[in-house]
Amino acid sequence: MEIVIVDSSEDGAVIVADAIGRVVSSGVSPTLGLATGGSPLGVYRELIARSRAGTLRLADTTCFLLDEYVGLAQDHPESYRSFIRREFTDHTDIADEAVHGPDATAADLSGAAERYEAAIRGAGGIDLQLLGIGSDGHIGFNEPSSSLGSRTRLKTLTEETRRANARFFDGDADAVPRYALTQGIGTILEARHLVLLASGPAKAEAVAAAIEGPLTASLPASALQLHPHATVVIDGTAASLLERTDYYRATYDAKPEWQEI
Ligand code: PGA
């Protein structure tokens with residue numbers, strides 16, 4: 001796992017946008033896995049700026065969301081479908097039909113989950129998957145105790161997650177849906193490159209546990225330890241509880257020019 005400690009989220013956004021730029025310009029039909037929430041917003045802003053400036057072409061890119069709330073209509077402003085359009089894809093040349101999410105409005109949620117897995121497979125898998133991390137260590141909506149081999153399925157959100165996401169629902173945790181369809185940890189681990197973004201002291205404990213703690217379903221983000229190409233891009237406050245920060249900084253500073261994240 002590569003740990004990149006950045007001075008600011010903006011610096012991290014540039015590094016991650018560069019990696020996405022390489023992916024979308026090198027593949028015939030590139031696929032991106034998109035996260036919602038606050039952590040990837042800087043990356044989306046950077047990609048939008050490059051797209052508007054004409055230095056980044058995303059028109060052939062297919063996108064897959066990590067997860068979706070159950071119980072919100074697709075056009076609800078806080079559905080992840082709406083979120084990603086508003087914060088990212090509507091401002092680029094990514095076609096709306098090329099943005100996929102699990103159909104959390106389906107009557108048969110298990111069937112919808114299977115169809116989503118099939119859609120990801122059908123697109124050739126995900127080249128680069130963006131991830132945030134919950135303060136409880138979740139990735140996607142894989143809450144603590146999620147099987148490390150899990151596939152897309154229904155999950156119940158923890159109260160901690162619902163409280164954290166209340167900011168998108170006028171501060172009302174009860175308005176945050178209780179359930180979500182989420183890519184499983186096994187699904188996420190099949191993406192060819194995982195890029196986890198985190199900033200702020202509220203993430204420090206989960207980040208330290210994910211990187212330096214044991215591999216455990218109790219801390220789903222620790223599954224990144226199993227992945228052959230995982231990059232964690234964090235600011236100093238999110239990195240503050242790590243023990244080996246000197247090593248991570250020295251390693252990144254000494255990286256050969258040709259070696260990308
Ligand atoms: P955040 O959420 O990016 O809004 O902090 C991350 C997550 O809950 O996975």
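This is a predicted model: local features need pLDDT of at least 70, side-chain atom pairs count only at pLDDT 80 or more; totals for chains, interfaces and linings use all residues.

Student: OK, try me on one. Where is Ser145 found?
Tutor: Ser145 sits in the loop between β6 and β7.

Student: Is Ser145 buried or exposed?
Tutor: Exposed, because its relative accessible area is 57% and the cut-off for exposed is over 50%.

Student: What is phi of Ser145 near?
Tutor: Near 95°. That is a positive value, in a residue other than glycine.

Student: Why point that out?
Tutor: Because most residues other than glycine have a negative phi.

Student: Which value does phi of Asp170 have?
Tutor: Phi of Asp170 is near 55°, a positive value, and again the residue is not glycine. Asp170 lies in the loop between α5 (159–165) and β8 (179–182).

Student: Buried or exposed, Asp170?
Tutor: Asp170 counts as exposed, because its relative accessibility is 80%.

Student: Back to the loop between β6 and β7. Where is Asn142 placed?
Tutor: In that loop, between β6 (128–131) and β7 (153–156).

Student: And is Asn142 buried or exposed?
Tutor: Buried, because its relative accessible area is 0% and buried means under 20%.

Student: What does the side chain of Asn142 make a polar contact with?
Tutor: With the side chain of Arg153, at 2.9 Å. The Asn142 side chain also reaches the backbone oxygen of Gln183, at 2.8 Å.

Student: What about Ser150, where does that lie?
Tutor: Ser150 lies in the loop between β6 and β7. Ser150 counts as buried because its relative accessible area is 7%.

Student: How many residues apart in sequence are Ser150 and Gly186?
Tutor: They are 36 residues apart in sequence. In space, their C-alpha atoms are 4.9 Å apart.

Student: New topic: the ligand. Which residues are around it?
Tutor: Gly37, Gly38, Ser39, Gly132, Ile133, Gly134, His138, Arg167 and Lys203.

Student: How many of the residues in that shell are nonpolar, polar or charged?
Tutor: One is nonpolar, six are polar and two are charged.

Student: What lies 2.7 Å from an oxygen atom of the ligand?
Tutor: A polar side-chain atom of His138 does. Arg167 has a polar side-chain atom 2.8 Å from a ligand oxygen. Gly38 uses its backbone instead: a polar backbone atom there is 2.8 Å from an oxygen atom of the ligand.

Student: And what percentage of the ligand's area does the protein bury?
Tutor: Taken alone, the ligand exposes 280 Å², and the protein buries 84% of that.

Student: Which pocket is the space taken by the ligand?
Tutor: The largest pocket.

Student: Let's move on to Lys255. Where does it lie?
Tutor: Lys255 is in the segment after α8 (245–253).

Student: I'm curious about that lysine. Is Lys255 buried or exposed?
Tutor: Lys255 counts as buried, because its relative accessibility is 17% and the limit is under 20%.

Student: Which side chain does the side chain of Lys255 join in a polar contact?
Tutor: The side chain of Glu2, at 2.6 Å.

Student: Glu2 again: how many Å apart in space are Tyr80 and Glu2?
Tutor: They are 28 Å apart, C-alpha to C-alpha, and 78 residues apart in sequence. Tyr80 itself lies in helix α3 (residues 80–87). Tyr80 is buried, because its relative accessible area is 8%.

Student: Where is Thr61 found?
Tutor: In the loop between α2 (41–53) and β3 (62–65). Thr61 is buried because its relative accessible area is 1%. Its C-alpha is 9.6 Å from that of Ser25, 36 residues apart along the chain.

Student: Last one. Where is Ala239 found?
Tutor: Ala239 is in the loop between β10 (230–235) and α8. Ala239 counts as buried because its relative accessibility is 3%.

Student: What separates the C-alpha atoms of Ala239 and Val28?
Tutor: A distance of 36 Å, with the two residues 211 apart along the chain.

Note on methods: Residues are numbered from 1 along each chain as its sequence is written. Side-chain values use heavy atoms; hydrogens and water are left out. A residue is near a molecule or strand if one of its heavy atoms lies within 4 Å of it. A polar contact is a pair of N or O atoms within 3.5 Å; within protein, one must be able to donate a hydrogen and the other to accept it, and residues adjacent in sequence count only if both atoms are side-chain atoms. Accessible areas come from the Shrake-Rupley method with a 1.4 Å probe; for residues, only the protein chains shown count as cover. On a 1 Å grid over the protein atoms alone, a cavity is a set of points where a 1.4 Å probe fits but cannot get out, and a pocket is an open set with protein on both sides within 12 Å along at least five of seven lines; lining residues have an atom within 4 Å of a point. A molecule sits in a cavity or pocket if more than half of its atoms lie within 2 Å of its grid points. Ala, Val, Leu, Ile, Met, Phe, Trp, Tyr, Cys and Pro count as nonpolar, Asp, Glu, Lys and Arg as charged, and the others, Gly among them, as polar. Helices (H or I, at least four residues) and strands (E, at least two) are DSSP runs, numbered from the N terminus. Buried means under 20% relative accessible area, exposed over 50%, partly exposed in between (1.4 Å probe, protein chains only).
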